[in-house]
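Subject: Structure handover

Hello,

Here is the structure for you to look over. My notes follow below it, starting with the disulfide.

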Amino acid sequence: MGFFTIVILSTLAAIVYTSGKYGDINKVSTTGASCTTARQDRLRYCGVAASKKLAQNDLGRINKYKSKILSVAKKKQIDPCNIAGIMSRESRGGNVLKNGWGDGGNGFGLMQVDKRYHKIRGAWNSEEHIAQATDIFISMYNLIQKKFPGQSKEKILKGAIAAYNAGSGNVRNINDVDSRTTGRDYANDVVGRSQFFKANGY
């Protein structure tokens, strides 16, 4: 078995290892970005197509942190596309941050950990920061799973994305998780972005 064959098989094993524990993003229903969110990039259309275009516009910036994202994803057994999707929505891959901060000085880092509720760890663009934010996301998944027992992994995944933004207490209907999120489209938009990243190396 040649070196490159081993590398390819190892990569595939990593993908299998991380995929599915928290649901399959491609099986999550979504309406995508609102028209308001789409206007961030002056798009003249909304929905899933807009989410994917927003993610595409962020791809070059997100790729700078790809090795860190993949490392965290493997350690946490989570699909890397979910991390990338949140990173795109939260900070546009760091593009909207000032000295690592956003949200009026409350949100820190690529994935915008809120200093009011969490003790900040690591530099704003570090693997430690991505790991902390991913742990927060996983904790939201576990809370939503307990709150809505018997639901599919995909519904819980979408609920967890909403909870990452708004808190688990503000996810009151598993079939309408965005009723209290930023722009009322956070989860739907992130799902659309994550699906794009899934199809593009994450």
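The torsion about the S-S bond of cysteine 35 and cysteine 46 is about 95°, so the disulfide is right-handed. Cysteine 35 belongs to helix α2 (residues 35-38), while cysteine 46 sits in the loop between α2 and α3 (47-63), so the pair ties together parts 11 residues apart in sequence. The two sulfur atoms are 1.8 Å apart. A disulfide here is a pair of cysteine sulfur atoms within 2.5 Å. A search of the whole structure finds one.

Before the rest, the ground rules. This is a predicted model, in which local features need pLDDT of at least 70 and side-chain atom pairs count only at pLDDT 80 or more, while totals for chains, interfaces and linings use all residues. Residues are numbered from 1 along each chain as its sequence is written, and side-chain values use heavy atoms, with hydrogens and water left out.

Cysteine 35 is partly exposed, at 38% relative accessible area. Cysteine 46 is partly exposed too, at 31%. Cysteine 81 is buried, at 0%. The cut-offs: buried is under 20% relative accessible area, exposed is over 50%, and partly exposed is in between (1.4 Å probe, protein chains only).

**Overall fold**

The protein has eight helices and three strands. Its radius of gyration is 16 Å, close to the 17 Å that the globule rule gives for 202 residues, so the protein is as compact as a globular protein of that length. That radius is taken over C-alpha atoms, and the rule is 2.2 Å times the number of residues to the power 0.38. The order along the sequence is α-α-α-α-α-β-β-β-α-α-α. Helices (H or I, at least four residues) and strands (E, at least two) are DSSP runs, numbered from the N terminus.

The C-alpha trace spans about 55 × 45 × 40 Å along its principal axes. Of the 202 residues, 48% count as buried. Among contacts between residues at least 6 apart in sequence, 56% join residues at least 24 apart. Contact means heavy atoms within 4.5 Å. The protein exposes about 10000 Å², and carbon and sulfur atoms supply 51% of it. Accessible areas come from the Shrake-Rupley method with a 1.4 Å probe; for residues, only the protein chains shown count as cover.

**The sheet**

The three strands form an open sheet in the order β1-β2-β3, with antiparallel pairing. β1 (101-102) and β3 (113-114) stand at the edges with a single partner strand each, so one side of each is left without a neighbour in the sheet. Strand β2 (residues 107-108) is joined to β3 by two bridges. Pairing requires at least two DSSP bridges between the strands. Glycine 107 has aspartate 114 of β3 as its bridge partner.

**The cores**

Which residues touch the most other members of the largest nonpolar core? They are Ile83, Met87, Met111, Phe137 and Phe197, in a core of 46 residues. α3, α4 (66-76), α5 (80-91), α6, α7 and α8 (186-198) each give two or more residues to this core. The largest share, nine residues, comes from α6. A second, separate core of five residues includes Ala38, Leu43, Ala50 and Leu54. A nonpolar core is a set of buried Ala, Val, Leu, Ile, Met, Phe, Trp, Tyr and Cys residues joined through side-chain atoms within 4.5 Å.

Isoleucine 83 is in helix α5. Isoleucine 83 is buried, at 2% relative accessible area. Leaving out residues up to four places away in sequence, isoleucine 83 touches Ile69, Val72, Ala73, Ile78, Met111, Ile130 and Thr134. With neighbours within four places set aside, the contacts of phenylalanine 197 include Ala55, Leu59, Cys81 and Tyr202.

**Loop residues**

Two residues other than glycine have positive phi. Arginine 92 has phi near 55°. Arginine 92 lies in the loop between α5 and β1 and is buried at 6% relative accessibility. Glutamine 112 has phi of about 55°. Glutamine 112 is in the loop between β2 and β3 and is buried, at 13%.

Glutamine 151 is in the loop between α6 (127-147) and α7 (153-166). Glutamine 151 is partly exposed, at 33% relative accessibility. Not counting residues up to four places away in sequence, glutamine 151 touches Ile156 and Ile174.

Best regards
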